[in-house]
Structures are given as structure tokens and as C-alpha cells.
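Dear colleague,

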Amino acid sequence: MVYDFDTVIDRLPTSSSKWSYRKQRTGVEDVIPMWVADMDFACAPEIVEAIKARAAHPIYGYTVRTDAWYNGLINWMKKRHDWSRIQRDWICFSPGVVAGFNMTIQAYSHPGDKVILQPPVYYPMKNAIFNNGRQMVENPLKIVNGRYVMDYEDLEKKIDGRTKMIILCSPHNPVGRVWTRSELEQLVEVCERKDIVIVSDEIHLDLILGKIKHTPTAIVSEKAMQKTVTLVAPSKSFNVAGLTNSAAIIPNKKLRDAFLNVLQNNSVGGGNIFGAVAQEAAYAHGEPWLEELLVYLRGNLKYFEDFLAEKIPVLKVYPLEGTYLAWVDCTSLGMDDASLKEFMLKKAKLWFDEGTMFGNGGSMFMRINIACPRSMLKMALERLEKAVKAL
Ligand SMILES: Cc1ncc(COP(=O)(O)O)c(C=O)c1O
């Protein structure tokens, strides 16, 4: 490998929320934090160099996005995700994907309207719906033959005159599914017929660990293109989440204008200089790093799965097709959710995201972030094994 993913880097001096909040949020100083979705790897040196070069110029005033920012994203989507012909004016800046889906709720619905989610799902989506005074409607994922799938019949039934949109998570956090083209086609068919907007959160699009290729929802048909708002960012793929930079790709002019209106009303159009520089460098020069990252993450996943199967078979991990967040069923430990959380923090000294945070279907699960040096993953798994065996 050209790039180094093995070195353990001390993040404590960097105000990292993953590491610095340990005592404050969990009460346990020495937990290994494997919760929030960022990686304990140095980001691509090409990005670091670009940021250093920009930082060397001492004026950090308001900024605009460059041709390189737009073209980098357009080329990246074409090259890696088969989305050709994205037009530059379809791309709207957003300071983050969470900010992005909050703004789509403001743009495409009114207070009291209904927004659909597919739980268990990334919890800020639920918060966005409630914080904006909308109603959440759940279209829970089903488990069929040990794999999560969408329930289209239930979706169809749940859509009524007050339902304005669905927020899709693709790839899906936390269940780790990469939706196939055919699954997305079926979803689009229902949403198109029932006339609701699809907001497709594709922040994990580059983090594909299994055999299914990521398909942007918008490209499955011309109808999908006109109904979908695609939220993307380099933040998960390149570990630059702290630089707050993302994009909404909105081919439909009416939907785009409504989004831009909200963006303007919230005065969030400017953005962070270093976020923009990081995106340009990532999409222009970061691909070799990303390829090696994926090899390393697949290695971590195999290590994780083998370890559980051999040493802690009471824990069941779902197939992780995409993202670096393993979804682990802890039901067989025979606890309730409160005691499971307590057990992980106090006995195993591990900080995971509890399944209940992700809503319906999350009870007795833990979401485990495996994007760390293998030695750290090994130490965490050994702690887990010891704690389970002491039960
Ligand atoms: C599905 C999903 N969307 C959005 C985000 C966060 O996006 P941002 O940091 O750009 O607001 C995350 C982070 O974990 C995520 O998993």
C-alpha cells in the first residue's frame, strides 16, 4: 500500500467530537469511540497539501466556488457513478448533507405535512422532520432472508394527500445496504405515481465494500431525474466532514429554485474555503487513496466478521455492502436496551451508537464504526470478547 492506514493517530489534541466527548457523553474516560461516522485515518496527503497551500495565503475572506469545484464533482459522478451529463447549474452548494435535507424539508413541504423515512435510519433525518414541524411517517425496512429490503406495498399505503416527500438513505446507514438499480426503480415507480419528491442522501456513495455498485437514484429513469434531489459530499469518502461542504444536485428547475430560495433565506450560500479546496483536491487527486481505503476497509470488515463468528458468535452482523458502519444484532445477549448500552460502555469500554437511536427496528442493535487502524479494531474486539465471556 502507498498510503498508511495502520498508524494510530492521537486525535485528542484536535477537538474531535468522536474522541473529546468521551467522558462528557458517556461518563467513561477510556472507552474506545466507535460511534460517529468519521474515520481514524489521516486523509489523503493530496488533500492535506492543497489545504496547506491555501492556508499559506493569509487572507481567508468570503469565498465562491470555482470551476474546479463544479467540474470535479461532475467528473467524479460520471467516472465513478455513471451519472453523465450533470449540468453545472443543477448543482447547489450546501454546508452539509444534514443542512441539505433540512432545507429540502423547508423547500418541499409545509408545517404539518408528512415526510417518509425508512427506519432504522440515520437519526438526524427524524430530528429534521420534527424540528421543522412536519409529521414523520415510517415505511420500515423489512428483513427477508437475513437481508434488509424496502417494503413498497407499505410505502404506497402510507402516502396520502399530505405526504410531500421521502428521505432515502442510499447507501443505507445504519443497515449497510447498497440499493440495487432494480430496488431503486421500484421505489421511484411508487414515488412518481404518488407524486412525492425523493430526497436521496448519497453521502456514503463511494464507500462500497460488497459487490453491488452504487446507483444514484436520479439516473434510474428520466422520471427519477425529475423527482430526485441528490445530496452528495466528499466528507465520508475522504474523511473531511469537519470542513462542512456538500452539494445538492437538482435537475428539475422548479425543485431547484425552491431549494435555492431556502438557501438564500437562511444565508448559507457562502461556505468554507477549506471545504471547497478539500473537495477540489479529493475529486481531482484522491481516487488512488480512496481505492486503497476501500481495500483496507474490506480487510477490516473481514477481520471483524471472522472475529465475531469465531469468538463472539452470539453477536450477529448484517452484510455490510456499503458504509463503514457495521449493524450488529445483540439480541442473543438477553439484555434490554438500557442494560446493553451500560454493558458496552462500562463493561466492554466501547462507545457505539445504540440501535434505538435509529428508530423502529433498532432495538437491541449496535452500530459499530470499523473505520480505524486494524490494531484499534483488534483491541476493541478483544475488549468485547472478554466482556461477553464474563457474562
Ligand atoms: C446518511 C448520512 N447523512 C448525512 C451525514 C452527515 O452529513 P454532514 O456532516 O454533511 O451534515 C451522515 C453522517 O454520518 C450520514 O451518515
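In which loop is P171 found? P171 sits in the loop between β7 (163–169) and α8 (181–193), where helices (H or I, at least four residues) and strands (E, at least two) are DSSP runs numbered from the N terminus. Before going further, please keep in mind that this is a predicted model, in which local features need pLDDT of at least 70 and side-chain atom pairs count only at pLDDT 80 or more, while totals for chains, interfaces and linings use all residues. Residues are numbered from 1 along each chain as its sequence is written, and side-chain values use heavy atoms, with hydrogens and water left out.

The peptide bond between S170 and P171 is cis, with omega at about -5 degrees. A cis peptide bond also joins N173 and P174, with omega at about 15 degrees, and P174 too has its place in the loop between β7 and α8. Elsewhere, N145, in the loop between β5 (142–144) and β6 (147–149), has a phi near 50 degrees, a positive value in a residue other than glycine.

N173 brings us to the ligand, for it is one of the residues around the ligand, which also include A37, Y122, C169, D201 and H204; a residue counts as near a molecule if one of its heavy atoms lies within 4 Å of it. This shell divides into six nonpolar, three polar and two charged residues, with Ala, Val, Leu, Ile, Met, Phe, Trp, Tyr, Cys and Pro taken as nonpolar, Asp, Glu, Lys and Arg as charged, and the others, Gly among them, as polar.

An N or O atom in the side chain of N173 is 2.7 Å from an oxygen atom of the ligand, a polar backbone atom of V97 is 2.7 Å from a ligand oxygen, and for a polar side-chain atom of K236 the distance to an oxygen atom of the ligand is 2.8 Å. The ligand taken alone exposes 400 Å², of which the protein buries 87% (accessible areas by the Shrake-Rupley method with a 1.4 Å probe).

The lining of the pocket that has a volume of about 1100 Å³, the largest pocket, divides into 23 nonpolar, 13 polar and nine charged residues. A pocket here is an open set of points on a 1 Å grid over the protein atoms alone, where a 1.4 Å probe fits, with protein on both sides within 12 Å along at least five of seven lines, and its lining residues have an atom within 4 Å of a point; the volume is the space filled by probe spheres set on the points.

With best wishes

Terms used:
A polar contact is a pair of N or O atoms within 3.5 Å; within protein, one must be able to donate a hydrogen and the other to accept it, and residues adjacent in sequence count only if both atoms are side-chain atoms.
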